[in-house]
Amino acid sequence: MPLNDDQSSDSDSSRLSESTASSSDSEYSRQSFNSDSSSKPSSPASSPPKVITFDELMAAAKNLTDLTLAHEIAVNANFCIKHEDFPQNSFAGTVKQIVHKAFWDHLESELNEDPPEYEHAIKLFEEIKEILLSFLTPGANRIQNQICEVLDTDLIRQQAEHNAVDIHGLANYIINTMGKLCAPIRDNDIKQLKATDNIVELLRQIFHVLDLMKVDMANYTIQNLRPYLQRNLVDYERTKFQEILEETPSALDLTTEWIKESIEDELSSISDESSSSPGADSSSKRIISPTLVLNNGYLKLLQWDYRKTIPETLLTDEVRLQELREKLNQLKIIACVCLITNNMVGAAIVDVPDFADQLKRISVPLLEGMNKKTFDLKEALNAIGVQVCSKVNRSLTERGLPMLTEEMQSNLMGQIAHIVEENNPVSSLIDKRIQFFMRSLLALPNFQKCMPTMPGGLSVIQTEMEFVGSQYASIVNFNKQVYGPFYANILRKLLFPDAPMGKAETETSTS
């Protein structure tokens with residue numbers, strides 16, 4: 001880790017405070033959508049249409065990269081840089097191996113000449129010097145001066161002209177300096193360097209360990225940066241996205257379409273309710289809740305086709321949302337299996353403690369990896385059906401009861417296999433209850449203190465549902481905090497296009 005004359009302590013790395021995921025600023029009033037918020041620092045400034053140049057596009061792309069990286073560092077406590085190389089059998093790996101071997105063979109032939117040729121070795125020492133200096137923190141003047149003095153390439157060239165270069169001495173100094181600067185995890189690598197006698201192999205291994213130390217340095221920087229980002233992430237992301245929006249005014253097009261679709265769904269739902277209620281006053285126009293529109297939009301993400309591009313404001317959480325969707329799909333099938341089994345043979349297993357959990361333990365391994373393209377869900381469901389029948393029969397036999405008939409087993413396996421079919425009634429029921437739970441979760445002012453009541457049929461997956469729900473609600477609430485001003489502008493334009501700016505109170509009173 002970076003060496004300083006004054007020992008510095010590492011900053012404690014903590015997870016993103018769940019308080020930042022609160023929904024305190026997620027409740028939008030009609031006044032906030034109708035009032036002119038351009039004077040507020042947190043409100044996104046509007047940009048007139050313009051032609052985008054290539055440089056502006058690249059600047060926006062860099063801002064998006066910075067935003068995504070900062071978001072990942074802050075919210076993912078396990079995020080780190082990994083040292084990866086090309087697979088040895090790959091074309092790129094083979095080319096790299098050939099080129100590197102040629103370089104080191106050439107260096108060895110130069111050093112074996114009489115007198116030795118040191119020019120390539122000197123260039124390597126110069127590169128090593130720059131790498132070692134990059135590991136130092138500001139203020140490490142003593143060791144910085146020492147490195148520059150010992151690895152002074154002008155001096156080494158003068159020594160080379162008189163064949164007086166102590167190349168092994170220089171290598172030993174480099175190894176000792178690396179030992180002072182490296183993380184404890186590299187101590188064994190340093191010991192192996194000290195045990196290497198061949199100077200060319202030693203230099204090659206020095207560069208390898210230096211590459212590993214670069215990765216360690218990057219992760220050390222991430223570790224120290226994380227607490228700062230967590231404290232300032234809302235403002236940072238909002239500012240970065242505003243910069244992107246100024247560079248590319250179309251950066252909210254998909255988000256606008258996403259919100260528009262949610263409004264249309266809500267209008268359709270209101271229309272259906274009115275038509276099913278004969279006494280409803282069709283002339284009265286109901287005001288759509290902006291918060292409800294936004295929450296319904298977030299719920300769509302749990303069934304999103306991630307082959308399509310996700311709304312721009314959710315790009316930083318796309319992978320996490322996709323993983324949650326896949327986990328919910330797995331939980332839905334487990335709940336379906338348990339519900340079907342209970343409906344068909346419930347009387348026979350009602351007295352068996354934790355039988356539903358046993359069915360869950362059967363299903364989970366067989367559904368592992370169901371998000372992969374190569375996964376055969378029908379085959380997995382057939383296997384689950386066979387295992388469930390076997391489990392039920394074993395339980396019945398142990399209690400001296402008759403096993404399931406062939407017809408009952410066939411019926412049970414058939415219903416489990418049909419879960420995958422479109423519009424399957426059991427699957428649709430469980431899906432609606434999962435959606436209801438998630439909708440209830442988003443409506444809570446503070447989900448950390450109290451979870452919604454678990455709908456019937458989901459008790460077997462309650463623990464998993466609450467865990468997934470907490471992750472989902474944290475993502476949603478944090479997203480509202482960051483992009484709330486942008487959503488407010490979009491919702492104001494879509495819901496209240498004719499409302500005069502700054503006349504919210506008048507509009508509310510007349511309606």
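**Exercise 1. Is N163 buried, exposed or partly exposed, and where does it sit?**

Start with the surface. N163 has a relative accessible area of 43%, so it is partly exposed. The cut-offs: buried means under 20% relative accessible area, exposed over 50%, and partly exposed in between, with a 1.4 Å probe and protein chains only. Next, the place: N163 is in the loop between helix 6 (153-161) and helix 7. Helices here are DSSP runs of H or I with at least four residues, strands are E runs of at least two, and both are numbered from the N terminus. Last, the backbone: phi of N163 is near 55°, positive even though the residue is not glycine. Most residues other than glycine have a negative phi, and most peptide bonds are trans.

A note on what you're looking at: this is a predicted model, where local features need pLDDT of at least 70, side-chain atom pairs count only at pLDDT 80 or more, and totals for chains, interfaces and linings use all residues. Residues are numbered from 1 along each chain as its sequence is written, and side-chain values use heavy atoms, with hydrogens and water left out.

**Exercise 2. Find what phi N423 has, and say whether N423 is buried or exposed.**

Look at the backbone: N423 is not a glycine, yet its phi is positive, about 65°. Then locate N423 in the loop between helix 15 (406-417) and helix 16. Finally, the relative accessible area of N423 is 64%, so this residue is exposed.

**Exercise 3. Which residues does a cis peptide bond join?**

Go to D114 and P115: the bond joining them is cis, with omega about 5°. Now place P115, which is in the loop between helix 3 (91-111) and helix 4 (119-134).

**Exercise 4. Work out how helix 11 and helix 16 pack.**

Two packed helices are described by the angle between their axes and the distance between the axes. Helix 11 (residues 290-300) and helix 16 (residues 425-443) have axes 10 Å apart, at an angle of about 135°. Axes are lines fitted to C-alpha atoms, for helices over the stretch in contact, and angles run from 0 to 180 degrees between N-to-C directions. The two helices are therefore oblique to each other; under 35 degrees would be roughly parallel, over 145 roughly antiparallel, 65 to 115 roughly perpendicular, and the rest is oblique.

Now find who meets whom: N295, N296, Y298 and L299 in helix 11 are in contact with Q435, M438, R439 and L442 in helix 16. Contact means heavy atoms within 4.5 Å.

**Exercise 5. What does Y298 touch?**

Leave out residues up to four places away in sequence, and Y298 touches W258, L314, L442, Y472, V476, N479, K480 and Y487.
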